[in-house]
Amino acid sequence: MNSFTPKIACLLMCLITNTAAFASFGKSFVSSSGRSLVAVTPTQLGYAIPESAIPVTPDNLTPVNAPSSTSSKSSSSALKELSGFEDLAQMIENAPEDQDTVVYFYANYCKKCKVAMPRYAKIAKLHNEGEQKVQFAKMESSRLVTKKLKRLGIDRFPLMQVWRNGERIASVAGASGFQQQLKDTISQAQTRTAEEWAAFREEHEHSIKESVQALWDVQQPLAAMSA
């Protein structure tokens, strides 16, 4: 039995040596392959670790370069959305003296309105970035009473109206080519002298009075509207 002892010892030494070599080979193979056994932090992968005590999972990691929800102000944010005639009247009547109010009347089903909306929003943004006293709004009007819309002079979509001191001073219709007309209308309103405004009101006395009455009418029940 003693004669086999050196052989057994030799075999055990070979087994131990080969096992260590295999383990070393396996470790180096996994490391060079870049598989899951290689330690990689979320930050190295381009993710920010949440500040809470919630365990980090792929679902609660936020990309470092992800756009913020509070992105730059879009042109549409310069427009106030009016829900109906009372909102409209409140905005017009509560506007500071000599501040123009421009309202864009549209319908969701109107294809021309969808074309005109970005153009109108761009004008609103440009004016809001300047120092001109103008407020812009839009009002989806397809669900509103047709008779009241017509009483207010809205007989087509899209249509823009310019109001000042509770009076309608201009209307601009169309989906294309309206931009310059609207800009000119606003510019004229901003630069008229007191004497020019007096002459303008005298020239358009009837339509101005009608607009003031119409603004009151559309806030009333349908049966109480004036003819």
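Predicted model: local features only at pLDDT ≥ 70, side-chain atom pairs only at ≥ 80, totals over all residues.

Reader: In which sense do strand 3 and strand 5 pair, and over how many bridges?

Author: The pairing of strand 3 with strand 5 is parallel and runs over four bridges.

Reader: What is the strand order of the open sheet?

Author: Reading across, the five strands come in the order 3-5-4-6-7, and the pairing is mixed. The edges are strand 3 and strand 7 (167-173), each of which pairs on one side only. On average, neighbouring strands of this sheet are turned by 25 degrees against each other, direction ignored.

Reader: Now the helices. How should I read which residues of a helix face inward?

Author: Start from the general idea: an α-helix has 3.6 residues a turn, so residues three or four places apart point the same way. Now look at helix 3 (residues 111-129). Its buried residues are Cys113, Ala116, Met117, Tyr120, Ala121, Ile123, Ala124 and His127.

Reader: What covers the buried residues of helix 3?

Author: The cover includes strand 3 (79-82), strand 4 (100-106), strand 5 (134-140), strand 6 (159-164) and helix 5 (178-191).

Reader: Where in helix 3 does a kink lie?

Author: Look at Met117, shortly before the proline Pro118: the kink there is about 30 degrees. End to end, the 19 residues of helix 3 still reach 28 Å from first C-alpha to last, close to the 27 Å expected at 1.5 Å a residue.

Reader: How does the span of helix 7 compare with what its 13 residues should give?

Author: It agrees, because at 1.5 Å a residue the 13 residues of helix 7 should span 18 Å, and its end C-alpha atoms are 18 Å apart. Buried in helix 7 are Ile208, Ser211, Ala214, Leu215 and Asp217. Among the elements covering them are helix 2 (85-93), helix 4 (146-151), strand 6, strand 7 and helix 6 (194-203).

Reader: Let's zoom in on one residue. Why does Leu215 count as buried?

Author: Leu215, which sits in helix 7 (residues 205-217), has 2% relative accessibility and therefore counts as buried; the cut-off is under 20%. Not counting residues up to four places away in sequence, Leu215 touches Leu88, Ala89, Ile92, Glu93, Leu152 and Trp163.

Reader: And how far apart are Leu215 and Glu167 in sequence and in space?

Author: They are 48 residues apart in sequence, and 8.8 Å apart in space from C-alpha to C-alpha.

How values were computed. Residues numbered from 1 in each chain as written. Heavy atoms only, no water. Helix = DSSP H or I, 4+ residues; strand = E, 2+ residues; numbered from the N terminus. Expected span 1.5 Å × (residues − 1). Bend = angle between axes of the 7 residues up to and from the residue. Buried < 20%, exposed > 50% of the residue type's maximum accessible area, 1.4 Å probe, protein only. Contact = heavy atoms within 4.5 Å. Pairing = 2+ DSSP bridges. Axes fitted to C-alpha atoms, helices over the stretch in contact; angles between N-to-C directions.
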